[in-house]
Amino acid sequence: MIYINQVFQYVIDSKRIRVIYIKEPHVYIVNIDTSSAMPQRELYSNLITDMNQGELLAISDPYAKVIYENDLTEVQIRKREEDWETIQKYCVPNMQDLLYKRGRENKIREIVRDSNLGKTKVKKLLTRYWQRGMTKNAMLPDYSNSGGKGRAKALTNAKVGRPRKININNEYQTGINITDEVKVQIEHVINKYYRKKNNYSLRDVYNFMLRDFYSDRYKENGELKYRIWEATRIPSYHQFYYWFKKLEDPKKDIQFRKSTKEYELKHRPILSDSKSETNGPGTRFQFDATIADIYLVSSLDVNKVIGRPVIYAVLDVYSRIITGLYVGLEGPSWIGAMMALDNMVADKVGFCKQYGINITPEQWPTHHLPEIIIADRGEFEGYSVENLINILNIKIENTTAYRGDLKGIVERKFRTFNGKVKQKAPGAIQKEYRERGDQDYRLNATLNLREFTSLIITMALHHNQKVIDKYPVEKEMVADGLVPTPINLWNWGIQNRKGRLRTVDRNILRLNVLPRGKATISRAGIKFKNLLYGSRQAIEEQWYLKLKNRSLEIVYDPRHTEKIYIPHDNGIDFETCILLEPSQQYKGDFLEEIVFQQHLRNELEEMERTNQIQLTVNTDAALEEIIKKAVKNKKESFNQPTSKKAKIAAIRENKDVEKQLNREAEKFDLLPNKASESADVIDFVTKEKIDETPPKKPGSRLMEKLKKKRDEEFGKDK
């Protein structure tokens, strides 16, 4: 129901209205916060709908407060009486006409004429009358003391609950009761302000409630301001907090203030642990990857930083033992995941030996397949894992996004690894953000990928023998005197619980799950990633001649580039290809580092390509300039016409003359600064002096003598 003189507030824009007249199907309202308010007509049903949908709230009448006559001045009383008389004599009799927009201005002009008041004065009186409750005290001139009884008389009843503290005047501050109307207001501000990403505090939300529902609004220097009511007319913070706790919905509050993901990750009830979902080793393995907080250097050049590595780990949920590891530069992806799965079934003694670490089988006894792998969506979704499911009979459970808590065991282990790295290793990230003047920790990078992998293996071996805090130890374990380390739990679970351990030939696993690539057959060998390989079968069957330029599918291990494999017989067997001599320089290097070097080479060539283009352009320009000068010289020498026959008549003789001129210009002079004396030129055959007087035609006499001498020599030889 809607009543005359009732005050409402819209949720969207906080506009406050008062109902001044009801004549169904319409309701006449005025805005109580504007300087001039004339009635507006609204459908009764529209207001009811807005109330039911929570878009319109009933609020306390801001002008419903007690005014004591003794507190008023004579001027206030006189002005109130004068203005009230004007309203009763001129406005109330014409109220019906003033409600309607059509004809309202004419009626106001009549009132102005009859009352001898200005039009602005009349509109001001009407605005005050409608906005402040249509009572006699509504005409009080002082804004802060104006108002009327309204219909909120229930607020004058005795307040329930604990009395408030006595104020400095030795009087009780009565306060108000929390009615259904106030509860709606509290719920409204909680939804509007508290359940938002702004993360307002409860005190802030309480202040917003007072501003929106328990204040007077006025303008000062054109700026809207609020005057909060006195304490006897507003709910206290303790009342607000009490009802907030009653209306509180922790789940909804966290989801709205933070996010649903954060609620699921940090605040949802934890009524069980990971171990409760397993009944022995090998039931569930948890898989995850993280970017290490350290920068590495290239194994080919320690002065080149190659970025941060990615650590992949597989842990058994029941025993907490690490069953697989991989460290690489490939971002969290299927390739890295496959490397970890490959290591999961590998013999750990041989694996550690590759990195110079000697262990016994008892120190790391895992080389098995699980029933279920719990993994992130990133590595195991978006890639075909049918081989894992269909061939190896492993069930994959993908966690939802940002739910690392579902893989809490492996997540905690990554935090431990990164913590150790920050304490020990140079190049580790010490701060999330560097401040001005801080040293760049990337410049301290020292470890290469192989050395960092050795470091991670060492920490994994330590983890497998470390006592697990807060492990849910079973009664039988206590009876057997078991110390809860991962290796002890693994061995005890195999003997006493339903172990799910299965093994598989590592070569079969590789053929089915390791990365696949395309290689090309050429005369130089089988080419993959710019590396050349050869095989016995390729030579025997003359692949390099018969299958040249044909591509074939291969299986490769990024950690071991010396070999690639060509699967055949439907994945049951394979042909091994060995690294050829031209690519032996990369023997023992990781594929990631080889690819990095190739990318670096391509970048250098790309940078040089621009210089080469510039060099070619300049060379072409120089060639054109030389030719241009030669053409010009030839044109200038055409003073005496020469026949075509004369130009080519004595090519050999002309060549000989040019050769002698070149020899004269190119001869060595070991003492160029010493003045040379003139000497006779003696023929070394005839011992006669040669006349070097220049002939009329340069070179002709000299050439004739040389020719004669040559003929004589040839004659003697014959």
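At 19% relative accessibility, Y237 counts as buried, where buried means under 20% relative accessible area, exposed over 50% and partly exposed in between (1.4 Å probe, protein chains only). The model is predicted, and local features therefore need pLDDT of at least 70 and side-chain atom pairs pLDDT 80 or more, while totals for chains, interfaces and linings use all residues. Residues are numbered from 1 along each chain as its sequence is written, and side-chain values use heavy atoms, with hydrogens and water left out.

The charged end of R203 sits over the ring of Y237, 3.8 Å from the ring centre; for this, CZ of Arg or NZ of Lys must be within 6 Å of the centre and within 35 degrees of the ring normal. The charged end of K348 is placed over the ring of W364 in this sense, at 5.7 Å from its centre.

Y206 and Y237 form an edge-to-face pair, 5.5 Å centre to centre with 80° between the planes. Because Y206 lies in helix α7 (residues 202-213) and Y237 in helix α8 (residues 237-247), this pair ties together parts that are 31 residues apart in sequence; helices (H or I, at least four residues) and strands (E, at least two) are DSSP runs, numbered from the N terminus.

Y206 is itself buried, with a relative accessible area of 7%. Its ring centre lies 5.6 Å from that of F240, and the planes stand at 50°, so the pair of Y206 and F240 is tilted. As F240 belongs to helix α8 and Y206 to helix α7, the pair links parts that are 34 residues apart in sequence, and both residues are buried. One aromatic cluster is formed by Y194, Y206, Y237, F240, Y241 and F244.

Strand β12 (residues 322-328) has seven of its seven residues buried, so the strand is largely enclosed by the rest of the structure. Strand β11 (residues 310-316) pairs with β12 in the antiparallel sense over six bridges, a pairing that requires DSSP to find at least two bridges, and V314 stands opposite G324 in β12. The hairpin of β11 and β12 has five residues between the strands, and in this hairpin R320 takes a positive phi near 70°.

Helix α11 (residues 334-344) is mostly covered, with 10 of its 11 residues buried; among them are W334, M338 and D342.

## Salt bridges

There are 22 salt bridges, each a side-chain nitrogen of Lys or Arg within 4 Å of a carboxyl oxygen of Asp or Glu. R233 forms one with E230, the closest N and O atoms being 3.9 Å apart; R233 is buried, with a relative accessible area of 10%, whereas E230, at 38% relative accessibility, is partly exposed.

D114 and R113 also form a salt bridge, with the closest N and O atoms 3.9 Å apart; here D114 is partly exposed, with a relative accessible area of 47%, and R113 is exposed at 54% relative accessibility. The side chains of E664 and K667 meet in a salt bridge of 2.7 Å, N to O, and K667 counts as exposed at 53% relative accessibility. A network of salt bridges links E69, R80, E81 and K136.

Technical notes: Rings of Phe, Tyr and Trp (its six-membered ring) pair if their centres lie within 6.5 Å; planes under 30 degrees apart count as stacked, over 60 as edge-to-face and the rest as tilted.
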